[in-house]
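Colleague: I'm new to this one and would like to go through it piece by piece. Can I put my questions to you as we look?

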Amino acid sequence: MPHTFVAMSGGVDSSVAALLLQQAGHRLSGVHLRLLHNKDPGQDAEDAAAVARRLGFPYYVFDFSEVFRDTVMRDFIREYRAGRTPNPCAVCNRAVKFGVLLDRVRLLGGEYLATGHYARVERDTASGRYLLKRALDRRKDQTYFLYSLTQDQLAHVLFPLGTLEKPQVRRTAEAQGLVNAEKQDSQDICFVPGGDYMEFLQRSGVRPIPGDFVDRSGRILGRHRGLEAYTTGQRKGLGVSAGAPLYVLKKDLAANTVTLGPNSALYARELTADQVNWISIPSLEHPLPVTAKTRHSQREAAATVEPLPDRRIRVVFQEPQRAITPGQAVVLYDGETVVGGGTICQ
């Protein structure tokens, strides 16, 4: 009977993941992560503890606030300072949940770490590689945020919800009398409550430097509040009057300018990415047809991925894609399987 640790956020997904594993015969321990040093664990921790008591397995709280601050939060600040738009959930999965947490689980004798992510892991018998596959519920699929998982990590993680749809999860929780059966999903970045990331950046010591809005020819259109306040594709909150809608096309860190233009100028067919992780293949030696997406909410599009020096890749789409944003992830698919992914650098 494998000993499995379940990362319990206090939400319904991780709670039902624990329930399903218990029903499958796993010996469970629940773990709630304290990620913010100055924040009381609050209702989420209480809900996680209540579910562990209801199902009858041990429950612990691990304080990973220092590593969360030093990796996820500092990366968030560093990326905005560099003129990019960070992806904190992907960084947290890589460094915290499937990094230090999985290391701790294995140190304590756990065979698996389970979470409430909507994804699937399968072993390919022909290649011997572990594969990351999309959840059957496409609306909830979270593989975009999991592309950085290594073969060693995939060998020790479980995603029990990968074959379920969200309404099934809620019905299962309600049938078992779990306290969080109707609890709403969190939509905010956990350390930016309310979504006001500029307020967080300023509290963290970032001092935005105002500069010029310019058009594609370099003509000054107005003044911006600091590069950190804008992201590629943004339209709202620009404060610039024009005869037609304007969007953020790019940010120039050296010149401290934000280029604005029409929606049509946001489309591009190519991108370059670094920090690449391969899952279904050991490495990329030749151009490979894939489908790809550059943000979690979009559908993937047909493309070709090509190897570049220094372990970078070029992705060339068949059709132009809107608002490709440096700092975000590009994730590559072969049907239901994640081929790999990386961080968009240009």
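Colleague: Let's start with Phe191: is it buried or exposed?
Modeller: Keep in mind that this is a predicted model. The relative accessible area of Phe191 comes out at 5%. Buried means under 20%, so Phe191 is buried.

Colleague: What kind of pair do the rings of Phe68 and Phe191 make?
Modeller: Phe68 is buried too, with a relative accessible area of 1%. The two ring centres, Phe68 and Phe191, are 5.8 Å apart, and the planes meet at 75°. Planes over 60 degrees apart count as edge-to-face, so the Phe68 and Phe191 pair is edge-to-face.

Colleague: How many residues apart in sequence are the parts that this pair of Phe68 and Phe191 ties together?
Modeller: Phe68 belongs to helix α3, residues 65-81. Phe191 is in the loop between α6 (166-175) and α7 (197-203). So the pair ties together parts whose separation in sequence is 123 residues.

Colleague: And which residue of α3 is 9.7 Å from Phe191, C-alpha to C-alpha?
Modeller: The residue sits in helix α3 and is 122 residues from Phe191 in sequence.

Colleague: Which residues do ring pairs link into a cluster?
Modeller: A search of the whole structure turns up ten aromatic pairs. Ring pairs join up a cluster, and its members are Phe68, Phe76, Tyr80, Phe191, Tyr197 and Phe200.

Colleague: What about Phe213: which residue does it form an aromatic pair with?
Modeller: This pair is edge-to-face, with 5.3 Å from centre to centre and 75° between the planes. Phe213 is in strand β8 (residues 211-214), and its partner is 17 residues away, in the loop between β9 (220-224) and β10 (247-252). Both partners are buried, and the partner of Phe213 is Tyr230.

Colleague: Which residue lies over the face of Phe62?
Modeller: There are arginines over rings here, including Arg134, which lies over the face of Tyr333 at 4.8 Å from the ring centre. For Phe62, the distance to the ring centre is 4.9 Å. The residue over Phe62 is Arg104.

Colleague: How many disulfides does the structure hold?
Modeller: Take Cys89, which is partly exposed at 42% relative accessibility. Its closest cysteine sulfur, in Cys92, is 7.2 Å away, too far for a bond. Cys190, partly exposed with a relative accessible area of 41%, is 6.4 Å from the sulfur of Cys92 and is in no disulfide either. For the structure, the number of disulfides is zero.

Colleague: Moving to helix α1, how far apart are its end C-alpha atoms?
Modeller: Helix α1 covers residues 12-23, twelve residues in all. At 1.5 Å a residue, it should span 16 Å. The model agrees with that, because the end C-alpha atoms are apart by 16 Å.

Colleague: Which residue just after α1 takes a positive phi?
Modeller: Look just past the end of the helix. The phi there is about 100°, and the residue is Gly25.

Colleague: In what order do the five strands of the open sheet come?
Modeller: The pairing is parallel. The strands at the edges, β3 (59-63) and β7, each pair on one side only. Five bridges join β2 to β3, with Gly30 standing opposite Tyr59 in β3. The order is β3-β2-β1-β4-β7.

Colleague: Last one: which residue is 6.2 Å from Pro2 in space, C-alpha to C-alpha?
Modeller: Pro2 lies in the segment before β1 and is partly exposed, with a relative accessible area of 24%. Leaving out residues up to four places away in sequence, Pro2 touches His26, Arg27, Glu111 and Tyr112. The one at 6.2 Å is 109 residues away in sequence, and it is Glu111.

How values were computed:
Residues numbered from 1 in each chain as written. Predicted model: local features only at pLDDT ≥ 70, side-chain atom pairs only at ≥ 80, totals over all residues. Heavy atoms only, no water. Phe/Tyr/Trp six-rings, centres within 6.5 Å; stacked < 30°, edge-to-face > 60°. Helix = DSSP H or I, 4+ residues; strand = E, 2+ residues; numbered from the N terminus. Buried < 20%, exposed > 50% of the residue type's maximum accessible area, 1.4 Å probe, protein only. Lys NZ or Arg CZ within 6 Å of the ring centre and 35° of its normal. Disulfide = S-S within 2.5 Å. Expected span 1.5 Å × (residues − 1). Contact = heavy atoms within 4.5 Å. Pairing = 2+ DSSP bridges.
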